[in-house]
Amino acid sequence: MVIDKHPMDDWLRKDRIPHIWCPSCGIGIVATCYIDALRASGIDRDKATVISGIGCTGRIPGYMNLDSFHTTHGRALPFATGIKLANPELNVTILSGDGDLFAIGGNHFIHAARRNIDLTVICVNNFTYGMTGGQVAPTTPMKAISATSPYGNFEHPFNLVHVASAAGAIYVARWTTLHVRRLRNAILEAMTKRGFSFIEVISPCPTSYARSNKLGTGLDIMRFYQQRSVIRHGFDPAKTDITMSSEIIVGKFVDSEKPTFTDNYEEYCKKLKENK
Amino acid sequence: MHGEFFMNGDIACAEGGISGGCRLFAGYPITPATEIAERMSQRLPKIGGVFIQMEDEIASMNCILGASWGGVKSMTATSGPGFSLMMENLGLGVITETPCVLVDVQRGSPSTGLPTLVGQADMMQARWGSHGDYEIIAISPWSPQEAYDFTIKAFNLSEKYRTPVLVMTDEAVGHMTEKVTILPEDKIVLEPRRKPPLPPDKFKLYSYDEKNIPWAPNAGDGYRIHVTGLTHDERGYPVVNAETQNKLVRRLVNKIRLNEKEIADYKGFYMDDDPEIVIVSYGITARPSLSVVRRLRKKGMKIGLLKLNVVWPFPEDVIRKIASIATSMFTVENNLGQVSIEVERVNFGRCPCFQIGHAGGEIHSPEEIIKEIEVSLKNGHR
Amino acid sequence: MMHYQIRVSGFGGQGIILAGYIIGKGASIYDRSNVSFTQSYGPEARGGACSSQVIISSEEIDYPHVTDPDAVIIMSQAAYARYGKNLKPGTFLLTDSDLVKVDPEDLVNIKHFSIQATKFSEDLGKKIVANIVMLGFFTGITEMVSREGMLKAIESTVPSKMFDINKTAFEKGLQEAEKAKVAV
């Protein structure tokens, strides 16, 4: 039997393929997991909106056959806040990278999480700025080599799941691009949950980070994830730092409930009307 | 809410936003624009709108762009330091052709400058502040009544031309209280959103009409649009080459430039007898300028005032026409030479041009304008 | 042609800005004159010398600032030092007699009237209505704004449960104005 159509073809803007990602880059896996989760969710596809900032991961929305917005560097979250508050019916997902969301967009991230805007944030963490050629990022582990830390990084990195949980995210998980099924299920869980959800996806950058740090080929990196990953659901996010030599603790760390910005705002407006 | 009210220019501006259809305001506190945010926080929750105080002005600007694509008319308001932060995503609004309104209540500057005192020194920033080639629409009110009227107008222009529109007001107008007539809802004509004329399978997001203006659906309308800050083709897809750039950027510029006469809005005072001396001014500064014209007319001087309501795009033909008749032109503005540069450029040597500037902190007094006119007429062109 | 420039001054917290606003609102909305009202902003409005300005005119108001006031209300010594000197002949100068010590040299050709506005407001049990007592006094003395216009402006500005005491304060000021005019 010859299949000339991939089951996901209709979900992609086929006229934009081939994509820009390098061979063995993890971003395509994340895009696939998102589409698979969306298909499984039962969410009306025309009410699903994907938004990104700038960077390799920021290109995902451009390939999705959905309402999609590719904003400026770091600004996906305030843009998404506007679109979600304008139309709360939309299911809004932000797909962006670690540099975009946590360096230039760091302030927006903590405030969107604090407000508990009903958004799903999927952060592809490849520990570097891929699109600009592999510079040091706020996630780069100590001692790692990058284009702007040529003798080894000496800055302390962010632990993204810890930041997200401290800022108030109601769902926080971390997986690697090896954990395809678990990642897809996490995205499904996050996108159908009300509130600010955060998923960190540890993902290879074979061209920059892996090469500078001699991590081998794409297959080698998958093996590395397999050897180093330890699943610890409910683990304290504060204790999940990633170093060059540590285990990669993955799992669902936070799954809680609290009223969203929109819930509280609607309540606030309702009270105003009652007191009129 | 309608009728006559005694309100300041900031509150009038917020009310103009609401009358103009604004149902989402995102902002960050800054003097002397804060009263706009405060008013919106009181009013929007009661009329089904959203007020959100963002973490900074960068976020505020992005939030209103997102809201606009979400299908809600949106606005933000700030002053100099915040205006600088908004420039990045004003550019995103320009290239993605997103209707929204940005109010700058100008204060003394640069930097923190004079938070509580007047200035008009952001006019060139309004014109050129975000990187790259583009044209913008900027309007400038001289009273609380105009702050109300022009904010409605700003919303209509932004929908009509699918572009961010700037309301370049200032501290003096913002903090001045006068009578403001607020119209009942059924008396306000609002420009509707330019929805796609074709169904999703036939529609290209950045196809455009004979005036270079596109249409657009909202997110969730089933069009599966792609909107990007990258240079894009008519489908909205990123295409990174000189040909696409040339087509897109020229259209963005022409969308405003070629429609300038339709956008233009100015008012002449004592201009009917082709006066020898013409003052060009805008916003609060046009008020002492008008005072000067009235006084000098009483003394027999043939002098008039051209008040620019829309400052950008610049009304080149009007200025050129005046310059070919007048014997001298004076641009009076609360900065040290911004719109005056345009007056001089367009004038192109037709008649001597002078700027009567001010570094900010207070508005010009009529006396100092008269003195400068007299000195300039005596000494000739610098 | 009618054209009045009015300045209200004192220290922050005395309701100086509100007083100017009410004059402006009365003249604009209820007397239907052209009015521009401006005020001092920033930290100085919350303490120290503070002022608000009103222009009332039968013509359109181009220049919105007070340059040569026709009436000056002063409720603190610091404000007097700043705004009470070198007034043009014929200007109404209204002061709180317990708070402002005037210099007779400043009063040549000036229509000076004083009132114990703060004391009267204390007698009414609400020190914060001193500005309204002063507004009643201003209205009675200068007649630049109608009594009805001022009362309507007060009614539409102060919280409704505070209107009665404000009305009493305003009327007290008016009565004192009548007495002061007879005395002259």
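Predicted model: local features only at pLDDT ≥ 70, side-chain atom pairs only at ≥ 80, totals over all residues.
**Entry 1: counting the charged pairs**

I started with the whole structure and got 52 salt bridges over all chains. Opposite charges on side chains can pair up if the charged atoms come close. I then picked out a few pairs to look at one by one.

**Entry 2: a pair across two chains**

First pick: Asp62(C) with Arg294(B), a salt bridge whose closest N and O atoms sit 2.7 Å apart. Asp62(C) is in the loop between strands E3 (49-57) and E4 (71-74) of chain C, while Arg294(B) is in helix H10 (residues 286-298) of chain B, so this pair joins two chains. Buried or exposed, I wondered about Asp62(C)? Asp62(C) comes out buried, at 9% relative accessible area. Arg294(B) has 25% relative accessibility, so I put it down as partly exposed.

**Entry 3: a pair within one helix**

Next I went to chain B and found Asp317(B) bridged to Arg320(B), with 3.3 Å between the closest N and O atoms. Both residues belong to helix H11 (residues 316-325) of chain B, and they are three residues apart, about one turn of the helix. Asp317(B) is partly exposed at 34% relative accessibility, and Arg320(B) is partly exposed too, with a relative accessible area of 25%.

**Entry 4: a pair between distant parts of chain C**

Over in chain C, Glu143(C) makes a salt bridge with Lys181(C), the closest N and O atoms being 3.2 Å apart. This one links distant parts of the chain, 38 residues apart: Glu143(C) is in the loop between helix H4 (130-142) and helix H5 (147-155), and Lys181(C) is in helix H6 (residues 163-183). Glu143(C) is exposed, with 54% relative accessible area. Lys181(C) counts as partly exposed at 28%.

Back to chain B for one more check: which residues share salt-bridge partners in one network? I got Lys261(B), Glu316(B), Asp317(B), Arg320(B), Glu342(B) and Arg345(B).

**Entry 5: cysteines**

How many disulfides are there over all chains? The search of the whole structure gave zero.

Cys100(B) is buried, with a relative accessible area of 1%.

How values were computed. Residues numbered from 1 in each chain as written. Chains lettered and ligands numbered in written order. Heavy atoms only, no water. Salt bridge = Lys/Arg side-chain N within 4 Å of Asp/Glu carboxyl O. Helix = DSSP H or I, 4+ residues; strand = E, 2+ residues; numbered from the N terminus. Buried < 20%, exposed > 50% of the residue type's maximum accessible area, 1.4 Å probe, protein only. Disulfide = S-S within 2.5 Å.
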